[in-house]
Amino acid sequence: MSRTLVTGIGTLLTGDLAAPVAEPGDLLIVDGRIAELGTSAGPADVDQVIDAQGATVAPGLIDSHCHVVLGDYTPRQTAVGFLASYVHGGITSVISPGEIHLPGRPHDAAGVKALAVLAQRSWSEYRPGGMKVNGGSIVLEPVLTAADFTELAGLGVRFAKFGFGRYSDPADGLPQVRAAQDAGILVTCHSGGASIPGSKPITTDHLMLLAPDICGHINGGPTSLDSAGLRTIVAETSMALQLVQAGNLRSSIELVDLVREHGAEGRVVLGSDTPTGTGTMPLGVLKTVAELSSLAGVDPAVAWAWATGNVSAVYGIEAGVIAPGRPADLVVMDAPWGAQAPDALSALARGDIPGISLVLIDGEIKALTSRNTPAAARKARITPEVPEPPGSAHVC
């Protein structure tokens with residue numbers, strides 16, 4: 001049984017929107033899971049002590065829209081190792097919106113199902129940089145039947161994506177969207193203008209008809225719906241509202257105002273919508289948190305919950321909340337060295353990217369000095385000392 005004590009916490013973010021900041025007592029991790037908050041355990045009772053040195057401890061970010069395919073490689077940007085690099089941006093889990101960037105992606109029922117099951121099985125075993133990849137999202141096609149979705153759900157496929165199948169009109173996808181939902185599969189739908197050649201715009205009317213579980217990149221992927229459409233989706237539906245980095249920032253700010261007006265904060269989830277034409281972005285989710293905090297006036301602790309606990313609740317995954325029994329997927333961060341802010345939350349509020357000095361996944365150290373963020377003003381200290389994981393530190 002491995003036991004780790006996290007002490008010296010200056011600010012503790014929970015990821016829970018109802019109480020996004022907790023009293024910063026010590027935290028005990030046992031066998032990769034959070035065992036106690038405000039624990040009475042001391043250094044003599046554990047195998048490892050992590051002293052946050054007064055910095056902020058938060059749940060690892062969850063990228064709710066990450067275009068994985070197979071392996072830590074993106075054909076869209078011909079980049080290798082991007083997921084391991086995302087860990088250095090504080091992202092400890094990602095969710096696939098369909099392995100749509102696979103060259104020669106199949107469109108027949110057998111091929112579509114085979115790809116989803118292959119990806120689900122592969123990502124269940126493969127953890128690049130320690131990251132948890134929730135992959136294997138079925139891309140909806142007109143040839144799929146209710147029996148296909150029942151089969152897929154039985155094989156462990158939990159997510160579906162609508163918006164890239166061979167439909168003459170997106171409205172024609174209603175039978176597949178309903179059949180997937182009836183089988184217990186969570187459906188994310190593209191929204192807004194066409195994202196790549198061969199795809200089609202999906203309008204507010206389409207979304208109202210299809211009624212997916214998640215309105216994917218409602219702020220644009222990359223082209224947003226119009227203002228009236230944004231208001232309709234927020235005010236007249238219960239869809240989860242996904243805001244992404246690779247979208248329209250103006251629409252994001254407009255959506256935050258609508259969310260506040262309608263008390264819809266619990267429906268907001270964040271993602272990067274990368275790798276896409278926007279590129280690979282290890283700091284994509286962290287940058288979105290900073291933008292919403294500094295430009296839309298969102299409390300940084302609330303924005304962090306939108307990227308962690310809200311994603312956990314919408315997608316039904318364990319990670320994302322600091323609470324007993326949950327996985328110990330944690331980030332230790334502080335204001336960047338030399339910043340005009342005293343701590344990580346103050347840095348986010350003014351639009352600065354915090355410095356990450358430690359990333360834990362299932363209680364194991366996966367990154368010490370982030371190679372992608374600025375240096376942290378206060379750096380976590382580990383006892384007994386451990387070496388930097390391979391590829392961890394900045395290269396100067």
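Student: In strand β14 (residues 159–162), which residues point one way and which the other, and are they buried or exposed?

Tutor: Please keep in mind that this is a predicted model. In strand β14, Phe159 and Lys161 point one way, while Ala160 and Phe162 point the other way, and all of them are buried.

Student: Which strand is joined to β14 by three bridges, and in which sense do the two run, parallel or antiparallel?

Tutor: To read a pairing, look for the bridges between two strands, since two strands count as paired if there are at least two bridges between them. Strand β13 (residues 137–139) is joined to β14 by three bridges, and the two run parallel; within this pairing, Ser137 stands opposite Phe159. On β14 there is also a parallel pairing with strand β15 (residues 186–189), over four bridges, where Phe162 stands opposite Cys189.

Student: Through which helix does the chain cross from β14 to β15, and what is the handedness of that crossover?

Tutor: The chain passes through helix α4 (residues 174–182), and this β-α-β crossover is right-handed. A right-handed β-α-β unit is also made by β13, helix α3 (residues 146–154) and β14.

Student: How many aromatic pairs does the structure hold?

Tutor: The structure holds four aromatic pairs. To classify one, look at the angle between the ring planes, because planes over 60 degrees apart count as edge-to-face and planes under 30 degrees apart count as stacked. The rings of Phe82 and Tyr86 have centres 5.5 Å apart and planes at 80°, so this pair is edge-to-face. Phe82 and Tyr86 are four residues apart in helix α1 (residues 82–87), and therefore about one helical turn separates them. Phe82 counts as buried because its relative accessibility is 4%, and Tyr86 is buried with a relative accessible area of 0%. Trp123 and Tyr126, by contrast, form a stacked pair, with 5.8 Å from centre to centre and 25° between the planes. Here Trp123 is buried, at 2% relative accessible area, whereas Tyr126 is partly exposed, at 36%.

Notes. Residues numbered from 1 in each chain as written. Predicted model: local features only at pLDDT ≥ 70, side-chain atom pairs only at ≥ 80, totals over all residues. Heavy atoms only, no water. Buried < 20%, exposed > 50% of the residue type's maximum accessible area, 1.4 Å probe, protein only. Right-handed = clockwise from strand over helix to strand, strands pointing away. Phe/Tyr/Trp six-rings, centres within 6.5 Å; stacked < 30°, edge-to-face > 60°.
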